[in-house]
Amino acid sequence: MDIYEVIKKRRSVRSYRSNPISNEVLMRILDTARFAPSSRNSQEYKLIVVKDPGKIEEISKAAFGINFIKEAPIVIAGVSLNPNEVMENNVPSYPVNVAIILDHITLLAVAEDLGSCWITSFNQEEMKEILNVPEEYKIVALLTLGMPYDDAAVKTRKKLGEIVCFESFKDKD
Ligand SMILES: Cc1cc2nc3c(=O)[nH]c(=O)nc-3n(C[C@H](O)[C@H](O)[C@H](O)COP(=O)(O)O)c2cc1C
């Protein structure tokens, strides 16, 4: 699968088969995601990989009971270790840094015939407690990872002209 196919095939998977993910596949995904860019090449994050079903159940509770989290054999939390840094352009770097590596994981998952889903609807403080994350850090997002239960649904997206303009800002090109 080339990169164009991978990007178009990726979708949010909210139903998983119980098949485990082999350690070999998991480590291949993580070790490749490591090459993601970050501001000043800081890699100021930690990925917490959770496989323990009891802990995944706790995670699901702190995510307002989202049920499909419990179906996933793996949940990965993307944690920023430097959530106060602001880049020269006056934009915080941490959500950008963590989002890039998590997005790399979602694409690598597709290349391994796996599915994933971003989760940001969770209680920050409860999740920190469950995952033993120090107060000064920030859990940016979680990803579920597993074998998709069903086939891809059709995606809807804005037309290119609505999100791209050339040479200067325009509402529509
Ligand atoms: C930053 C971010 C946060 C998201 N948070 C959640 C979430 O909390 N729960 C959920 O079910 N999906 C979440 N999603 C998935 C989006 O709803 C999904 O990507 C979007 O609807 C497009 O669908 P697709 O991923 O299938 O292409 C999130 C996605 C992103 C990028």
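A residue is called buried when its relative accessible area is under 20%, exposed when over 50%, and partly exposed in between, with a 1.4 Å probe and protein chains only. The structure is a predicted model, in which local features need pLDDT of at least 70 and side-chain atom pairs count only at pLDDT 80 or more, while totals for chains, interfaces and linings use all residues. Residues are numbered from 1 along each chain as its sequence is written, and side-chain values use heavy atoms, with hydrogens and water left out.

Polar contacts are pairs of N or O atoms within 3.5 Å. An oxygen atom of the ligand lies 3.0 Å from a side-chain N or O atom of Ser-121, and an oxygen atom of the ligand is 3.4 Å from one in the side chain of Lys-155. Of the 620 Å² that the ligand exposes when taken alone, the protein buries 59%, as computed by the Shrake-Rupley method with a 1.4 Å probe.

Most residues other than glycine have a negative phi. Asn-90, however, has a positive phi of about 70°. Asn-90 sits in the loop between strand 2 (74-80) and helix 5 (94-111), and is exposed, with a relative accessible area of 66%.

How values were computed:
Polar contact = N/O pair within 3.5 Å; in protein donor to acceptor, adjacent residues only side chain to side chain. Helix = DSSP H or I, 4+ residues; strand = E, 2+ residues; numbered from the N terminus.
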